[in-house]
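Keep the view open beside you as you read.

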Amino acid sequence: VSRFQYPHKDQFTVIKAFNILIKKNKIDSSLLFIGDGPDRKKAENLANSLDPDVRKRIHFLGTKLDVQNYYTAAFALVHASVAGEGLPTIMIEAMNYNLPEVVTDSKTGPREILGDSQYGLLCKVKDPKDMSEKIYRLYTNPNLYKHFQILENERVKDVSPNHIEKKLKSILQDVSGKNYANN
């Protein structure tokens, strides 16, 4: 669920990782992309260049307004970025649906949310082999999968607007010496 705009979103690594996952491990799964953008056609061209057995499992759905239905039905969130994310909203959305995550450890964002693979699996940037291995770990380790689901349910509270507001007020109070608790 993201715009197709490289390097901020790197669907190419996700497609290559999925190809490795299917060809090497014979996983029966599909890959769904929701969103649009200037690099969608390039991503589709990459998918079209793959073995037909892999290609038939990759779906480009375009813009959808009911993404919650896709989160609910999904096995995991797999997300890649090269340039960094800032505040990767998609990761927070997925946590709200208890979706374990495999995400590239880009410059900013993912590590702040997932820790050092504490709340989901970080993989190397632009490394489809590493990403594929991390996805495979989720598929083959139900205990790890459930572990991340439980932890994400707690972690999402740390990035809720109310929690962030409290932290910001505390920081402002420390810096200024004023009490912002009731403001």
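A nonpolar core, as the term is used here, is a set of buried Ala, Val, Leu, Ile, Met, Phe, Trp, Tyr and Cys residues joined through side-chain atoms within 4.5 Å. With that in hand, and remembering that this is a predicted model, let's look inside.

The largest nonpolar core has 27 residues, and those that touch the most other members are Ile15, Phe33, Ile58, Phe60 and Met131. Two or more residues come from each of α1, β1 (31–34), α2 (40–48), β2, β5 (121–123), α7 (128–140) and α8 (142–158). Of these contributors, α1 gives the most, with seven residues. In soluble globular proteins, nonpolar side chains tend to be buried together.

Leaving aside residues up to four places away in sequence, Phe33 touches Phe4, Gln11, Val14, Ile15, Ile58, His59, Phe60, Leu61 and Gly62. Ring pairs also link Phe33 with Phe4 and Phe60 into a cluster.

That brings us to the aromatic pairs, of which the structure holds seven. In one of them, the rings of Phe4 and Phe60 have centres 6.0 Å apart and planes at 45 degrees, so this pair is tilted. Phe4 belongs to the segment before α1 (11–25), while Phe60 is in strand β2 (residues 58–62), so the pair ties together parts that lie 56 residues apart in sequence. Both Phe4 and Phe60 are buried.

Compare the pair of Tyr71 and Tyr97, which is stacked, with 5.3 Å from centre to centre and 15 degrees between the planes. Tyr71 sits in helix α4 (residues 67–73) and Tyr97 in the loop between α5 (89–96) and β4 (101–104), so here the parts tied together are 26 residues apart in sequence. How accessible are the two partners? Tyr71 is buried, at 4% relative accessible area, whereas Tyr97 counts as partly exposed because its relative accessibility is 35%. Tyr71 also belongs to another core, of 16 residues, which lies apart from the largest one and has Val103, Leu114 and Leu122 among its members.

Another ring has a charged neighbour: the charged end of Arg155 sits over the ring of Tyr119, 5.0 Å from the ring centre.

Finally, turn to the largest pocket, with a volume of about 610 Å³. It is lined by 29 residues, and Leu31, Leu32, Ala76, Leu77 and Val78 are the closest to its centre. The elements α1, β1, α4, β3 (77–79) and α7 each give two or more residues to this lining.

Methods
Residues are numbered from 1 along each chain as its sequence is written. This is a predicted model: local features need pLDDT of at least 70, side-chain atom pairs count only at pLDDT 80 or more; totals for chains, interfaces and linings use all residues. Side-chain values use heavy atoms; hydrogens and water are left out. Rings of Phe, Tyr and Trp (its six-membered ring) pair if their centres lie within 6.5 Å; planes under 30 degrees apart count as stacked, over 60 as edge-to-face and the rest as tilted. Helices (H or I, at least four residues) and strands (E, at least two) are DSSP runs, numbered from the N terminus. Buried means under 20% relative accessible area, exposed over 50%, partly exposed in between (1.4 Å probe, protein chains only). A charge sits over a ring if NZ of Lys or CZ of Arg is within 6 Å of the ring centre and within 35 degrees of the ring normal. Contact means heavy atoms within 4.5 Å. On a 1 Å grid over the protein atoms alone, a cavity is a set of points where a 1.4 Å probe fits but cannot get out, and a pocket is an open set with protein on both sides within 12 Å along at least five of seven lines; lining residues have an atom within 4 Å of a point. Grid points are joined across faces, edges and corners, and a volume is the space filled by probe spheres set on the points.
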